[in-house]
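Hello,

Here is the structure I promised to pass on. Please have a look at it first, and my notes follow below.

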Amino acid sequence: MVTGIILALCGGMLVCIQNTFNAKVKEHVGAWATTTLVLGLGFLASLTIGLIVEGSQLFALKEAQTWFWFSGIIGVGVVLCVTQGVQQLGPSRAISIVMVSQILFALLWDTLGWFGLQAVPFTWTKALGVLLIGGGVLLFQLGGKTTTVRQVRKGA
């Protein structure tokens with residue numbers, strides 16, 4: 001369980017870094033060029049590491065519903081939406097909204113047993129947890145505009 005928590009924390013950090021970088025790339029090229037660059041480089045990295053680690057077994061397709069194999073297409077929407085959200089809202093605001101959205105939809109899909117998940121009963125504690133997280137994000141968002149380090153350096 002500890003390993004899973006550490007991996008989830010690292011994943012969250014990497015998502016934030018990646019989307020901050022993606023937003024910076026998007027300042028210089030369009031959204032589709034950014035998405036193509038991000039996913040293209042990700043493909044090359046995955047292919048290279050996959051071949052090194054798994055060799056020819058990399059392409060040994062296991063039994064799974066065919067439509068699950070197309071999740072990379074969903075990645076196009078993820079990169080496009082989050083990159084533009086980060087550019088328009090800033091990393092902390094956009095990622096906090098993404099986080100709450102992920103929790104809400106994960107709870108929905110867990111509860112309904114969608115996408116091959118085992119249905120998990122909806123409880124008032126789960127509802128309260130989502131409300132508390134959402135409320136925390138709302139408080140974070142309403143914190144007001146403050147001067148950033150970059151503005152201080154520029155003398156703004």
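A residue is called buried here if its relative accessible area is under 20% (exposed is over 50%, partly exposed in between, with a 1.4 Å probe and protein chains only). This is a predicted model, in which local features need pLDDT of at least 70, side-chain atom pairs count only at pLDDT 80 or more, and totals for chains, interfaces and linings use all residues. Residues are numbered from 1 along each chain as its sequence is written, and side-chain values use heavy atoms, with hydrogens and water left out.

My notes centre on helix α3 (residues 71–89); helices are DSSP runs of H or I with at least four residues, numbered from the N terminus. The buried residues of α3 are G75, V79, L80, V82, T83, G85 and V86. They pack against α1, α2 (31–54) and α4 (91–112), where contact means heavy atoms within 4.5 Å.

How do α1 and α3 cross? The axes of α1 (residues 2–26) and α3 come within 8 Å and cross at roughly 80 degrees, the axes being lines fitted to C-alpha atoms over the stretch in contact, with angles from 0 to 180 degrees between N-to-C directions. The two helices are therefore roughly perpendicular, the word used for 65 to 115 degrees. On the α1 side the contact is made by N19, T20, N22, A23 and K26, and on the α3 side by V79, V82, T83, Q84, V86 and Q87.

Finally, just after α3, G90 takes a positive phi of about 95 degrees.

Best wishes

Conventions
Angles under 35 degrees count as roughly parallel, over 145 as roughly antiparallel, 65 to 115 as roughly perpendicular and the rest as oblique.
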